[in-house]
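Please open the model in a viewer and keep the selection panel at hand.

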Amino acid sequence: MEFPDIFWGVIAWMILWGVVGSIAIRRRYLQHDLDTSNAGFVGATVGAATGPVGLIPLWLNTPELGGRLVVLPAIVAVLLVVGAFAIADPSNNCVASGSFVASQFTNGLIIGIIYGFMALGLTLIFSILGIVSFSHGEFYMIGGMLVYYITAVWFPGINPLLAIAMACAAVFALGAAFERLFLTPMYQGKIDRPVEYGILITFGLAFTLQYFVQATAGANPVKVQRFFDFPKIRLPSTEDPWLIKTSRGNLELFDTVSISNPRFTAAVACIMVLLALLYFLHRTWTGKALRAVSQDREAAAIAGINPDRMNMLAFAMGAMIAALAGSLLVQAFSWLPQVGNIPAMRSFVIVVLGGLGSLPGAFLGGIIVGLVEAAGTGCIPDAQKAASYIPAYGMVVLTLTLLLRPTGLFGRRFAGGTHGKV
Amino acid sequence: MRQQVPYLMGVGLLALFVAFPFVYSAGDYDYIMHIMITAFFYAILASSWSMLAGYAGQFSFGHIGFMGIGAYTTAMFSHYFYLTGAPTGLCTEYQFGATWLVIVNPIGVTSTTLTQDCLRQAIDVWGGTVEVTSMPVWLGITLGTIMGGVFGLMVGLLVLRLRAAYLALFTLGFAEILKATISAEIEITRGQAGMEMPALFENGVTIFGRFYSKTDKVPPYFVMFALLLVCLSILAWLSHSKFGLFVRALREDQDAAAALGVNTTRYKVLVFVITTMMAAAAGGVQGHYVGIVTPNSLFLLQMSLVVAMAVIGGVESFIAAAIGAIIIEFALEMLRNSFYIGGFEVDMTLWRLVIFGILLMLTLRFARNGLIAPIINYFARGHVAGETVAKRDAASEAGLVK
């Protein structure tokens, strides 16, 4: 169906004032010798949310751009878009059906947790090594592939948890070996431009791994049986307006939201591993050493930490996290050698949105991207087009982030991408 | 004498490529010619990418996307624009004297609508009385090139503030959005079905008294070869002028370059525009030569190939990148044949890419200047080290005497 002009009118109006705001406010702050790190972003969101009404006082007063001024206009702007959409297309499922919205929201949240978890590995690698690993998607793919081969081909009937552990261990070893063999010259000052080297060499690894798997495993999609069945539950009791009902492969909440078993178990496992990871990073010596290296290599070395070994650990752990995400999702999607491309792109989007090198940012970014994708697929009227554009939703988020706030939500000042050299 | 070797080799290669279509006459002539044309196509992409990444340090992973913009613009131009001798009364059309510029309405790809666009309906009504001419191929390629430059300008302006990893991610994202858009907008781009394009010389062409039909490989061979030479000459001219110095300064240290008075904004955008125009032109010509353009030509694999060719050849020398691309394209084609080891089939269509990936990684790890560039350097600049040492010795002797 065609969208009425009002929707496009509102969008055009918001873009116009967003652009005006981001340029004018930044200039103004620059002239007044104030902190401009948020000026462009706040200018754009205030402009988009309120138009000239909000921009003029902002331009006149140039207040300090702290927490509330950053968050509020962004929320208002998002609400405005949603409102315009609701007025423009009142019969859309996203507007008319509350249960559809709830269902999309829950599924977006769950898949977002998994995305965020996967992006965590990428951001861990970046925070220690200062490179963006382009082979992240391939580690994800190999994790799933290994679980398929272990459970279905090599050792049928094995406990899936054991299979996952084996796959993770294998990818951990692969990541460690790759780091030792190919990334070590980066820290020995043998390479003029380590960031570019890191990008190209991981790109080469991705290429090699993808075709290696395709050559050995074939290009036919494979799928793994779901790992666990839900117990049959119907709460509060057998009476009709129930709250939770489960069948073996599905979980239903309040008669409206339906969550499939593989995604649910994957999300729960991700949260548990995330908690374990946080414990590791904040409570153990090795984890603290990792964080110390990410903050200051030289100081960490002086304190008796071997930064090179932390590099290996970080890369291997990042690869393992991707593999774990893959081995959890192999029960939800059919698996191909190319399956890693889209999650890899998504992880890039998420880490940039959350701020390269920021762990909470990656997780929050994952949830945001999951929700945006759920909204994009659910709300665009033409379902076929909506599905084709899935890779593009995240990219729109990425573009907006890079334009408005290159450091991301929680970004440390790594905007140059050159680690260590701010 | 030794420094003349690369020039002699260059002239020799040039002569070889010019003479090749007339000298070679084995049974697989068409196949080899096709590989040659594809190799030239990749050589254009790899050498322009090496200018962007190797000289200017802008590691863009969207190069293949710009190629796609060129190809799709060219395809859509030849697909939707026609000149007719009479108004159709159905299409959007503009009158220029006695001819009408007709813009055909997009109809998508469902089987019932395939022959139902407004021009076809009009042709049915006219019954062959009105002449319908399609647009000249060269105009389409020019427009595709310009469109590539326009997008290059926009992306170049957008990525001005981004460095290294962010730039790579953004350009990769740009290429992905482009692919998604082309796959999704089925009414206009025909999605995965791809857009058919007329051959470069739809009615054949006569060169030096010899007629070549539209399926003949010789004319597209020389068109692509000429385009490669034009691109290489532009790149050579640029790299030897101030431009080359400036973009290399940009690569080494952007802030220092700006402090020394290099207009970093201008040169960063300029290098984007120039290289993307080359990619777009190559895309347009390749599209006309192959006869179809599909979203699959924008796959990441293609970008990987371009990157790998440039890196293996030598990313900081566009000549080496071009030669590397030609050699690798040939090697990849020659390795296509599967073979058996002890009854076990080795599917070389995939293993060759694995080998290629390992070669890429090893080159990066152990020969950072690529495999071709050091050879050129050995001949062209090998004497420089010796001369420098001699000069230094002479200077120190002179110092002793003084």
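The stops below cover a chain contact, a sheet and a loop residue.

The model is predicted: local features need pLDDT of at least 70, side-chain atom pairs count only at pLDDT 80 or more, and totals for chains, interfaces and linings use all residues. Residues are numbered from 1 along each chain as its sequence is written, while chains are lettered from A and ligands numbered from 1 in the order in which they are written.

Begin with the contact between the chains, to which chain B gives 33 residues and chain A gives 35 residues; two residues are in contact if their C-beta atoms, placed from the backbone, lie within 7 Å. On the side of chain B that touches chain A, select helix 6 (164-184), helix 12 (300-313) and helix 14 (348-366) of chain B, the elements that give two or more residues. Helix 6 of chain B gives the most, with 13 residues. Helices (H or I, at least four residues) and strands (E, at least two) are DSSP runs, numbered from the N terminus.

Next, select the open sheet of chain B, in which four strands follow the order 2-3-1-4 with antiparallel pairing; two strands pair if DSSP finds at least two bridges between them. Strand 2 (92-96) and strand 4 (132-134) of chain B are the edge strands, each pairing on one side only. Strand 2 and strand 3 (residues 99-103) of chain B share five bridges in the antiparallel sense. Zoom in on B:Phe96, which stands opposite B:Thr99 in strand 3 of chain B.

Finally, select B:Asn296, in the loop between strand 8 (292-293) and helix 12 of chain B. Is B:Asn296 buried or exposed? B:Asn296 is exposed because 12 other C-beta atoms lie within 10 Å; the cut-offs are 20 or more for buried, 12 or fewer for exposed, and partly exposed in between, with C-beta atoms placed from the backbone.
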